[in-house]
Structure formats: structure tokens, C-alpha cells
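Trainee: Please take me through what is shown here slowly, and let me ask about each part as we go.

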Amino acid sequence: MFSIHFMDFIFTPYLIPGVCATLVVACSFQLFRRPNLDHIPVVGHSSLLASYWFTKGLEVDLARVVQEGYDKYKSRAFRIANLTHWVVCLPRSDLEYVVTASEDRLSFLKATEQSLKIKYTFGVSNSDTRHRPLIRSRLTRNLRVLYPEVREEIIAACNELLDPKYNEWKSVSVLHTTLKIVGRASNRVNVGLPLCRDPDWLDFNINYPQAIVSEARKLRLFPNFMLPLVTKFVTRLSRRTKQGVALISPLIKERLRHMEAEGADWRDKPNDYLQWWLDTSPDTCPILLMRRMLSFNFAAIHTFAQALLKLAENPQYAQVLREEVEAVVNKHGWTKDALSEMRKVDSFFKETQRFEGISICTDLTLADGTFIPRGTILAFPVHRMHHDDAVFENPDAFEPFRFAKMRNKELNGSGNQMTTLGPDVLSFGLGTHACPGRFFAATVMKTMMAHIVMSYDVKLEDDTCHPQTLRVGRSIVPNPAAKVMFRKRVK
């Protein structure tokens, strides 16, 4: 009798309202436990409980809301409703405090876990930071040795994806093509040949981060206590894990077999990220190593796609960049050291990061404090800070050689590089949590740009206008529909 009545209830119109009412009550209970932030002014909707549709609007309109708050409360903190919590945006003057605060007082890792719901989308805790010293000690210090392989992979990828017929223009998707080339260059250092060219592995590397971001956006609509249940319907973590392990397990087994058989006498031992992990960590679990390899590639380099669109929109800059690359290569050859002399190429990317960027806010979680209650989510309105006329002259204009001119005025010319950390451009972060892989990322992007300007003419498809950059939630991404045309240069 119970089962009949229960099934009748399932198919009645009372189910959805009942579930919604339960969700509202549960969310209300969670909201009552939130920190008291009444002393901080609100921008946008003033109520968390009534902010659902407002939050959905923020998926595409957050930039406008943040700009409104920054213009109104430039030197003060303000907050924005985000359904289950408030996000407090801090002024530039608080940067030093945030950068110098210890992890137990101000946790970037906890904020990342909450934003990306890493436990449910990636399947591993964000607290393990062993990759950071490995990147600093092995990757960054080996860039000169690894550079010929990186450039070789970029050229091979460009030949396959970009090369048009003689004197003909070829149209390609900017975002898709860029991710393919960057993916191959990154994986040449990540897992080496031949896996770095495997189409299934490349697609897996490209799709995995996109899936995590998409799933996390859905999971953020639910309170934390519901995530274990909701995850079963929203994420595809188990399927992704099986796919990734199937792709990388043969390589791991082959490496372990060589290590056991040859030990220190292994000739032609691979010099890549996977091998560094196998050499330094006793854990050889394929699932763990697969996730480690994906972490290496997680920050897809959208900056290059944005820069390529800027170059296609302003082809007059190509010749300026070409002349610099040619002069530097004639003097130093195609080397890692040569890239350091390409100030205009470097400036082109740093200005792209300033002008477009990849984020509207960067998240932090306060663990303990006085002005901001424990557990509050903090953010800096990075995009608006990058367009502040108190910091940059003519900030809303794209001036590709802005930072090259600044460097030319310096005594040693080492400041204002793409990889330089400072409060004015926060694309790579600041302080202890700055991106440790930024030197590798800069090497890949500058090599790609140098090769492209020397080998191709570039323009927008049919001389159209630059497709509008998309702003989805906190992210700023190239328009997936944007296309660029390439033509082989006649030397």
C-alpha cells in the first residue's frame, strides 16, 4: 500500500513544489549560519535568498556589476550576492595584506576548492601542492634544455593545422586551433613523444578542464550538504577517470619497466614532467599520475587566442613584431635566451593580459580576521583594476607595445616583463600563490607568436570586426565562433 501511494505521489504535481520548498528551507538554514557582512555595502541584489535569478544573470553580466561596484566604492570593499554566499570585492589597497597573509589566515587553496568543487569534479584534494616545487626546480630550470623540443612541436603542429596551399588563405577556429597547438607543446614537456601527438589524449586534455568548469558552475547552485547527491547527476568524473587512465597507463607501465630494468643506467631517459614525478614520488598509481598530468595542462592558455585575434584585427603590428624577431634570431638563433630579447613580443602578450585577461575576480577565502568574518569569500576586481586610469594612461585602448616602452626607460630593462609579478597586472597572480608555470607558459606563447609572424600573414575572416570576447561568470574567454585566416608568407 505504501509503495502504491508513494508512486502516486511521484507522478503528482506536488513533487516539484515539494522539492523546491525543501531546498529553500535547507538553503535558509545554511544562510542563517553565514558571516554577518551587514557593514559592507551591496552591489546588485541585496538578498541571498532572492538572488537565484540574479545569480543566473551574473553568468553573463558580472562584469557590469563589478564595474558598478568598483566605480562607486573604488577605495572600499563591496559585496555581491552569489546564491549561497556573498563575494566581498576588496580594493587595491588590500593587495599587500592578502599577498603577505599566511595560508592559515587567508586560504587560496580553500577558495579554489570551493569555486571549482574540486573534490567532486577533479576527484582529488587541492591541498597537495607538491607540483609547485617540482615545476620550479625541474621545469623552469630546464627551459633552455627543453626549448628545442618545444619549438619543434609548435612548428610541427602549425604545419598540420595552419599550413594553407601556396598563396591561399585558410580559415581556422582561433580557440580550437590554439588549444590544439598549445596542448601539443605543453604535452611534449608533460608526457613526451608520441603521446603528446595522440588525438585522443589531446582531446581529453582539452575537454577535461572545460568539463570541470562547466560542472562546477552547476554545482555552485547547490548548498554543500547536497553535493554528494547532486554530483551523481551533474558530473561525469568516473567516466573521465577511466578514459584518462586507459590513455596514460601504457606509458606509465613502460616507464616503470625501464626504471626497474635499467635503473641509473637508462640511456635516453625521458626528460619530462611525468618522468620527474616517477623519479621523485613513490606513488605510481595511474589515477593519481593522470590527474597530475592534467593539472599541468589545466590552465589552458587563452591569452594566446586573445593575442592572435588582436594581431589579426591589427595586422600593421605584424611587421613590427617580425622585424624584432628577425633581428633577435639573427643575433642569438632560435634559443630560449633569444626570447628574452623580444621585448615587443613580450609586451604584446602582457598588454593582451591587461586589456582582456582571463578573469574578472580572483577568489580567496579568509580563514580568520577582524574586519572580514571567518569563512568569507574574498575577491579582487582584477579586470577593472587593469583598466584603472589612475594606473594606466589611456587604459581602455589596446597599446601592444605599452610595456616595451616602459622597459626601455628602465635601467636594466628587466621590469614589466610578461612574467614579472606586481600589483598593476595580476594575470599570473601575486605572492606565494603566483602561477609557478608562468615562465613555461610565456616561453610557449612567445615562441608561437614569433613563429607565426615569421611564417604567416594573418587577418580576420573576411575582414570582419573582432568578435566580442565572452564573459561567463568570473571568466573572460575568447569567442568560440571567432575565426582567423592564415596565408603562408613568401620569403
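Mentor: Let us begin with a convention for directions: angles under 35 degrees count as roughly parallel, those over 145 as roughly antiparallel, those from 65 to 115 as roughly perpendicular, and the rest as oblique. This is a predicted model, in which local features need pLDDT of at least 70 and side-chain atom pairs count only at pLDDT 80 or more, while totals for chains, interfaces and linings use all residues. Residues are numbered from 1 along each chain as its sequence is written, and side-chain values use heavy atoms, with hydrogens and water left out.

Trainee: What is the mean pLDDT of the protein?

Mentor: pLDDT is the predictor's confidence in each residue, on a scale from 0 to 100. In this protein, 82% of the residues reach 70 or more, and the mean pLDDT is 82.

Trainee: Over which residues does the pLDDT stay under 50, with 14 contacts beyond four places in sequence?

Mentor: A contact here means heavy atoms within 4.5 Å. Where pLDDT is low, the predicted coordinates should not be read in detail. The stretch with 14 such contacts and a pLDDT under 50 is residues 1-33.

Trainee: What share of the residues in the protein is buried?

Mentor: Buried means under 20% relative accessible area, exposed means over 50%, and partly exposed lies in between (1.4 Å probe, protein chains only). Of the 491 residues in the protein, the buried share is 51%.

Trainee: How many helices and how many strands does the protein have?

Mentor: Both are DSSP runs numbered from the N terminus, where helices are H or I with at least four residues and strands are E with at least two. Counted in this way, the protein has 21 helices and 10 strands.

Trainee: How do helix 9 and helix 10 lie to each other, roughly parallel or roughly perpendicular?

Mentor: Axes are lines fitted to C-alpha atoms, for helices over the stretch in contact, and angles run from 0 to 180 degrees between N-to-C directions. The axes of helix 9 (residues 174-190) and helix 10 (residues 199-219) come within 10 Å and cross at roughly 110°. Helix 9 and helix 10 are therefore roughly perpendicular. In their contact, helix 9 contributes residues including G183 and R184, and among those from helix 10 are W201 and I206.

Trainee: Which peptide bond is cis, with omega about 0°?

Mentor: Most residues other than glycine have a negative phi, and most peptide bonds are trans. P194 has its place in the loop between helix 9 and helix 10. The cis bond joins L193 and P194.

Trainee: What is the order of the open sheet of 3 strands?

Mentor: Two strands pair if DSSP finds at least two bridges between them. Strand 4 is joined to strand 10 (residues 483-488) by 4 bridges, and the two run antiparallel. The edges are strand 4 (170-173) and strand 7 (456-460), each of which pairs on one side only. With antiparallel pairing, the order is 4-10-7.

Trainee: Which strands of the sheet does helix 9 touch?

Mentor: The direction of helix 9 makes about 80° with that of strand 4. Helix 21 lies across strand 7 and strand 10, running at about 95° to strand 7. Helix 9 packs on the sheet by touching strand 4 and strand 10.

Trainee: Which residues does T447 touch, leaving aside those up to four places away in sequence?

Mentor: T447 is found in helix 21 (residues 438-455). With a relative accessibility of 0%, T447 counts as buried. Beyond that range in sequence, T447 touches Y147, R151, I154 and L339.

Trainee: How many of the 8 residues of helix 13 are buried?

Mentor: In helix 13 (residues 273-280), the buried residues are Y273, L274, Q275, W276, W277 and L278. Helix 13 is largely enclosed by the rest of the structure, because the number of its residues that are buried is 6.

Trainee: Is K117 buried or exposed, and what is its relative accessible area?

Mentor: K117 lies in the loop between helix 5 (108-116) and helix 6 (118-121). Its phi is near 50°, a positive value in a residue other than glycine. K117 is buried, with a relative accessible area of 8%.
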